[in-house]
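Here's a quick briefing to read alongside the model. Have the sequence and the 3D view open, and we'll go through it topic by topic.

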Amino acid sequence: MSKKKGLSAEEKRARMMEIFFETAMSVKEVLQSLVDDGMVDCERIGTSNYYWAFPSKALHARKCKLEVLESQLSEGSQKHANLQKSIEKAKIGRHETEERAMLAKELSSLRDQREQLKTEVEKYKECDPQVVEEIRQANKVAKEAANRWTDNIFAIKSWAKRKFGLEENKIDKNFGIPEDFDYVD
């Protein structure tokens, strides 16, 4: 087996220039992705960007990530153990017995009955004094609004009669205002 011969300084320079000439944009993109991932540091000094990377930084970053993951694993294991204990604790006294089955059936029956009662209450909700009072208040507001608009219509009719000398019955006919139009009592 022959040992591989190293490159001379001139050959290294030539290869480096080849990289810059042929793949400059790709080098820039790859370098930027390394900076984005935190594997290479970049500092702008004046108008130049300086890039560097130390092997110890990558090792330190992996160690920190490992510590974080180990702590998350430990927390997850602790939560799992606590949940298992809670499950075991909850199982105590929950054996299927005749009394338990009877109570479950009664609970189901009471829930059904509650739903039926809710439905019945909804049917009679319109007779609820609070609901009736809310409807009265809404009617009062609607009545006031209708009379306010009636005032507006009478004011416009009066203005049109004075301004254009139109007769009231022609205004009513052209704008579809009924003959018995008046305030709401």
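Which residues does Asn 147 touch, not counting residues up to four places away in sequence? Tyr 183 and Val 184 are the ones, where contact means heavy atoms within 4.5 Å.

Before going further, a word on the ground rules. This is a predicted model, so to speak of local features takes pLDDT of at least 70 and side-chain atom pairs count only at pLDDT 80 or more, while totals for chains, interfaces and linings use all residues. Residues are numbered from 1 along each chain as its sequence is written, and side-chain values use heavy atoms, with hydrogens and water left out.

**Overall layout**

- The domain assignment, which comes from an automatic or database source, gives domain 1 (10–53), domain 2 (56–95), domain 3 (100–125) and domain 4 (129–175).
- Taken over C-alpha atoms, the centres of domain 1 and domain 2 are 41 Å apart.
- An unreviewed UniProt entry annotates residues 66–152 as "coiled-coil region"; UniProt positions are given in the numbering used here, feature names are shortened, and annotations may be inferred rather than shown by experiment.
- That span, residues 66–152, is 87% helix and 0% strand, and its end C-alpha atoms lie 78 Å apart.

**The hairpin**

- Strands S1 (residues 41–45) and S2 (residues 48–52) run antiparallel and are joined by 5 bridges; strands pair if DSSP finds at least two bridges between them.
- Helices (H or I, at least four residues) and strands (E, at least two) are DSSP runs, numbered from the N terminus.
- S1 and S2 make a hairpin with 2 residues between them, and Gly 46 in the turn has a positive phi of about 65°.
- Across the pair, Cys 42 stands opposite Tyr 51 in S2, and Ile 45 stands opposite Ser 48 in S2.

- Thr 150 counts as buried because its relative accessibility is 5%; buried means under 20% relative accessible area, exposed over 50%, and partly exposed in between (1.4 Å probe, protein chains only).
- Asn 147 is also buried, with a relative accessible area of 16%.
- The side chain of Thr 150 reaches the backbone oxygen of Ala 146 at 2.8 Å.
- Leaving aside neighbours within four places in sequence, Thr 150 is in contact with Phe 181, Asp 182 and Tyr 183.

**Aromatic pairs**

- Searching the whole structure turns up 3 aromatic pairs; rings of Phe, Tyr and Trp (its six-membered ring) pair if their centres lie within 6.5 Å, with planes under 30 degrees apart counted as stacked, over 60 as edge-to-face and the rest as tilted.
- Phe 154 and Tyr 183 have ring centres 5.6 Å apart and planes at 55°, so this pair is tilted.
- Phe 154 lies in helix H4 and Tyr 183 in the segment after helix H5 (168–175), so the pair ties together parts that are 29 residues apart in sequence.
- Both partners are partly exposed: Phe 154 at 26% relative accessibility, Tyr 183 with a relative accessible area of 36%.
- Trp 159 and Phe 164 form an edge-to-face pair, at 5.6 Å centre to centre and 90° between the planes.
- Trp 159 is partly exposed at 44% relative accessible area, whereas Phe 164 is exposed at 53%.
- Ring pairs also link Phe 154, Phe 181 and Tyr 183 into a cluster.

Note on methods. Polar contact = N/O pair within 3.5 Å; in protein donor to acceptor, adjacent residues only side chain to side chain.
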